[in-house]
Amino acid sequence: MQAQAVCRKATIEDAGTLADLIAGYAQKGIMLPRSKEVLQRQIDTFIVAEVDGEVVGCGSLCKLGTDLVEIRSLGISEGYKGLGIGSKLVDFLIEEARNQHITKVMALTYEVTFFQKNGFKIVDKEIFPEKVWKDCVHCAKQHACDEIAVLKMLN
Ligand SMILES: CC(C)(COP(=O)(O)OP(=O)(O)OC[C@H]1O[C@@H](n2cnc3c(N)ncnc32)[C@H](O)[C@@H]1OP(=O)(O)O)[C@@H](O)C(=O)NCCC(=O)NCCS
């Protein structure tokens, strides 16, 4: 199954599918919701994973500073987890970061083991001044954030 998953940059036609995928995770409180309109505006920052032409996962890269990006909206559809597709998406996003000459890739997540297996280390959230938590105003948990910050240094 892993070999059949193909990662590619998202196109405007993917916005509706991405909105549905992300809405499912947002309802569970593990992702911030993104409307179709917002996704259309930010589509350049999104990638998708396809199996047999069907989108089964997504992820995005948000620039937080001159040398720092955040992996966001990373999710795999039920039935496709544990098949290496999430790791493939992370590899693709890291390649994108390298192409932009970025050396620090971070994420805020509950899926610490997954990120550790992909070479990330747990770090203190306070080390990221650039983030200024600009999206946190949209999050129900903004005053009680229990997500873990993870960081991968690229070289
Ligand atoms: C987290 C997520 C993206 C992982 O994607 P995936 O395709 O299932 O992960 P992979 O198959 O690439 O797993 C890679 C490794 O991480 C491990 N792993 C994945 N999810 C794990 C979990 N929840 N707990 C422990 N280990 C996990 C796998 O066992 C695998 O280990 P291995 O290399 O030793 O076999 C996916 O489970 C998901 O969509 N979760 C819900 C949304 C979410 O929380 N996203 C993170 C927001 S930052």
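This is a predicted model: local features need pLDDT of at least 70, side-chain atom pairs count only at pLDDT 80 or more; totals for chains, interfaces and linings use all residues.
View 1. Start with the big picture: the ligand sits in the largest pocket. Around the ligand there are 19 residues, and those that come nearest are G82, G84, G86, S87 and E111. Sorted by class, this shell is made up of 9 nonpolar, 7 polar and 3 charged residues.

View 2. Zoom in on S87 and you'll find one of its polar side-chain atoms 2.6 Å from a ligand oxygen. G82 takes part through its backbone instead, with an N or O atom 2.7 Å from an oxygen atom of the ligand. L83 also brings in a backbone N or O atom, this one 3.2 Å from a ligand oxygen. As for cover, the ligand on its own has 910 Å² of accessible area, and the protein covers 71% of that.

View 3. Four elements each give at least two residues to the shell around the ligand: strands β4 (68–76) and β5 (104–109), plus helices α3 (85–99) and α4 (112–117).

**View 4. A closer look at V112.** This residue belongs to helix α4. Is V112 buried or exposed? V112 counts as buried because its relative accessibility is 15%, and the cut-off for buried is under 20%. Now look across to R98: V112 and R98 are 14 residues apart along the chain, and their C-alpha atoms are separated by 22 Å.

Note on methods: Residues are numbered from 1 along each chain as its sequence is written. Side-chain values use heavy atoms; hydrogens and water are left out. A residue is near a molecule or strand if one of its heavy atoms lies within 4 Å of it. A polar contact is a pair of N or O atoms within 3.5 Å; within protein, one must be able to donate a hydrogen and the other to accept it, and residues adjacent in sequence count only if both atoms are side-chain atoms. Accessible areas come from the Shrake-Rupley method with a 1.4 Å probe; for residues, only the protein chains shown count as cover. On a 1 Å grid over the protein atoms alone, a cavity is a set of points where a 1.4 Å probe fits but cannot get out, and a pocket is an open set with protein on both sides within 12 Å along at least five of seven lines; lining residues have an atom within 4 Å of a point. A molecule sits in a cavity or pocket if more than half of its atoms lie within 2 Å of its grid points. Ala, Val, Leu, Ile, Met, Phe, Trp, Tyr, Cys and Pro count as nonpolar, Asp, Glu, Lys and Arg as charged, and the others, Gly among them, as polar. Buried means under 20% relative accessible area, exposed over 50%, partly exposed in between (1.4 Å probe, protein chains only).
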